[in-house]
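Work through the exercises below with the sequence and the model open. Each task is followed by a solution in steps.

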Amino acid sequence: MCGIIGYSGHRPAVGVIIEGLKRLEYRGYDSAGVAFVQRGELCVIRAEGKLVNLENKLAQAPSHTATSGMGHTRWATHGLPVERNAHPHRDQAGTVALVHNGIIENYQELRTELEAKGVTFTSETDTEVLAQLVGLYLAETGKLDQAVSQALSRVEGSYAICVVSRSHPGVLYAARKSSPLVMGVGVGENFLASDIPAFLPYTREVVFLEDGEMVRLDANSWQVMDQDTLQPLEKTPQHIAWDVQAAQKGGYKHFMLKEIFEQPRVIADCLAGRVDHKTGRAQLTELSGSPTPERLFIVACGTSYHAGLWGMYLMENWARIPTRVEVASEFRYREPLLGPGDTVLAISQSGETADTLAGMRLARKMGATVIGLCNVVGSTVSREADKVIYTQAGPEISVASTKAMCSQLTLITLLALHWGQEKGVLPADVRANCVRTLEGLPDVLAAELSRMRHRAAELARAYSEARSFLYLGRGPCYPLALEGSLKLKEISYIHAEGYASGEMKHGPIALIDPKFPTFALAPCDELYPKVKSNLQEVQARGGKIISLTHAAQDLAVDHCWEVPAVWGPLNAFVMLPALQLFAYEMADYLGKDVDQPRNLAKSVTVE
Ligand code: F6R
């Protein structure tokens, strides 16, 4: 998730762009850059790290008088967060510069093709292929609109792009597919951005661009057109009433809620380029050349640990790999029996969690192979692991992790498929059902999340006086019960315990009374009859029950919460946001600080 801003008007452009980038910094901040045309020259200035480094660099350069240009703040997906990978990227001839938010899935093929034609690349990014293509087509046709359209017709994946060229000073072209892009319409000035806050101080008149649309703008005019045919399209600006802070949250009340609602997009991004549509096979090029593990140890903390625990069911059932899952703070001190042939999968959203890092270092010292599964490119986990797989969830701002777990579940699923394929043990029907379900999940969730939120709010109000909750689940729903209870306690400060349903009678059942409710995960699977009898034990002690379940189940509980059934263990992808939304609505109803709960930090870099 990166941030883009483009400007053409009457003000000094660099100042407007930097201010806009500051308001987009929440989208990512590992490097930044600007491009503008000044005295016939295409100037590109970039810097690694936070935006202030770019500002310092700009302050050293001669004064910038351009009144149009564009900028980018990067959240790395391909290539390390270093200056050569920062945007804008230029074509070889230095005629065009381009910024991009999204993922070009077929960039390797395009890069090989362009290299064969003598093009030299200067970065490891997927984006540079687009800049090179636009440059080549512009040289052929002399027309920037055609060049952008032609280049876009070659790429697969998602993009929001903005292009400037020294041959067209004052003009910006932009286009989108599955990545956000909005235009701000001012008086004698026009804007482009990934998100409205970037230009909100200058205009509240906004044109929302749709997939397949391209726009040409300068200071005094703008025209939206079809990306393929270049035929003009009618668009009407809309007035936005939000303030900057509300706009950064995309109109949502909290970042946590926004991030929960981003999960359909996150799944699609995680899958991009990782399923071969012709063969239906998972493809994790990050692991090419790595042997399939003989034994797998998954090491992580908190929510990432819960994702790993869920993964154990898939690794053992589908890939037939003996798997152990441990919290990193225990693993690091217990002298585990590890050696060559063993693989440690270290899962960490931030890539900086001290205990997880210590577990990785121990594993490497003992000769095991370490694979990092993390969200932050260039983080310590990614640098120290033998192999790294990025989760592509985009920056997670809310302290309580939501979309990161969804991305971890997606990648763990792909990993289990990958290893199951490699070993030749993955049943064909499992692969086919799994891939079909994964690809359908973004639509299922997008259609369901608002309804889920409504039900979560109803239930949160009904149970807002509870001081304790028991979360129960069996099989792959057990880790979800742990995660549901963690979410509730960390943001609403209500005590909650996650338990394996069958284990309840060995102790926790003593707690049950009419004031101690149970939140049960009861999907329609082979364990359903067992879960049902566990719930009857709760009811016999006067305990109230919310049951997260599928249609046509015969549970007679206080509150049934039906969510759509998908397939097998992937039902977790639908149950997870329900648990997150219940915790969110409870915390919000109780007036808690949802995005920054007390005593917690986003990255736990100490023991
Ligand atoms: C809970 C939460 C934490 C983290 C844990 C590990 O909502 O966010 O439990 O999951 O601190 O963090 P990472 O994944 O960054 O290693």
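**Exercise 1: backbone exceptions**

Arg320 sits in the loop between α9 and β19 (323-327); helices (H or I, at least four residues) and strands (E, at least two) are DSSP runs, numbered from the N terminus. The model is predicted, so local features need pLDDT of at least 70 and side-chain atom pairs count only at pLDDT 80 or more, while totals for chains, interfaces and linings use all residues. Residues are numbered from 1 along each chain as its sequence is written, and side-chain values use heavy atoms, with hydrogens and water left out.

Task: state what phi Arg320 takes, and what peptide bond leads from His87 to Pro88.

Solution. 
1. Most residues other than glycine have a negative phi, and most peptide bonds are trans.
2. Arg320 is not a glycine, yet its phi is positive, about 55°. This residue comes just after α9.
3. Ser178, also not a glycine, has a positive phi of about 60°. Ser178 belongs to the loop between β8 (172-177) and β9 (182-185). Ser178 counts as partly exposed because its relative accessibility is 27%; buried means under 20% relative accessible area, exposed over 50%, and partly exposed in between (1.4 Å probe, protein chains only).
4. The bond from His87 to Pro88 is cis, with omega near 0°. Pro88 is placed in the loop between β4 (68-74) and β5 (89-90).

**Exercise 2: two helices**

Solution. 
1. In α9, 12 of the 17 residues are buried, so the helix is mostly covered. Among them are Ser304, Tyr305, His306, Trp310, Gly311 and Trp318.
2. Since 10 of its 14 residues are buried, α4 is largely enclosed by the rest of the structure. The buried residues include Glu128, Gln132, Gly135 and Tyr137.

**Exercise 3: the ligand shell**

Task: list which residues are closest to the ligand, and how many residues of its shell are nonpolar, polar and charged.

Solution. 
1. The ligand is surrounded by 15 residues, with Ser304, Ser348, Ser350, Thr353 and Glu490 the closest; a residue is near a molecule or strand if one of its heavy atoms lies within 4 Å of it.
2. Polar contacts are pairs of N or O atoms within 3.5 Å; within protein, one must be able to donate a hydrogen and the other to accept it, and residues adjacent in sequence count only if both atoms are side-chain atoms.
3. Gln349 places a backbone N or O atom 2.7 Å from an oxygen atom of the ligand. For a side-chain N or O atom of Ser350, the distance to a ligand oxygen atom is 2.6 Å. A polar side-chain atom of Glu490 is 2.6 Å from an oxygen atom of the ligand.
4. Of the 410 Å² of accessible area that the ligand has on its own, the protein covers 89%; areas come from the Shrake-Rupley method with a 1.4 Å probe, and for residues only the protein chains shown count as cover.
5. Elements giving two or more residues to the shell are α9 and α15 (477-492).
6. The shell holds five nonpolar, eight polar and two charged residues. Ala, Val, Leu, Ile, Met, Phe, Trp, Tyr, Cys and Pro count as nonpolar, Asp, Glu, Lys and Arg as charged, and the others, Gly among them, as polar.
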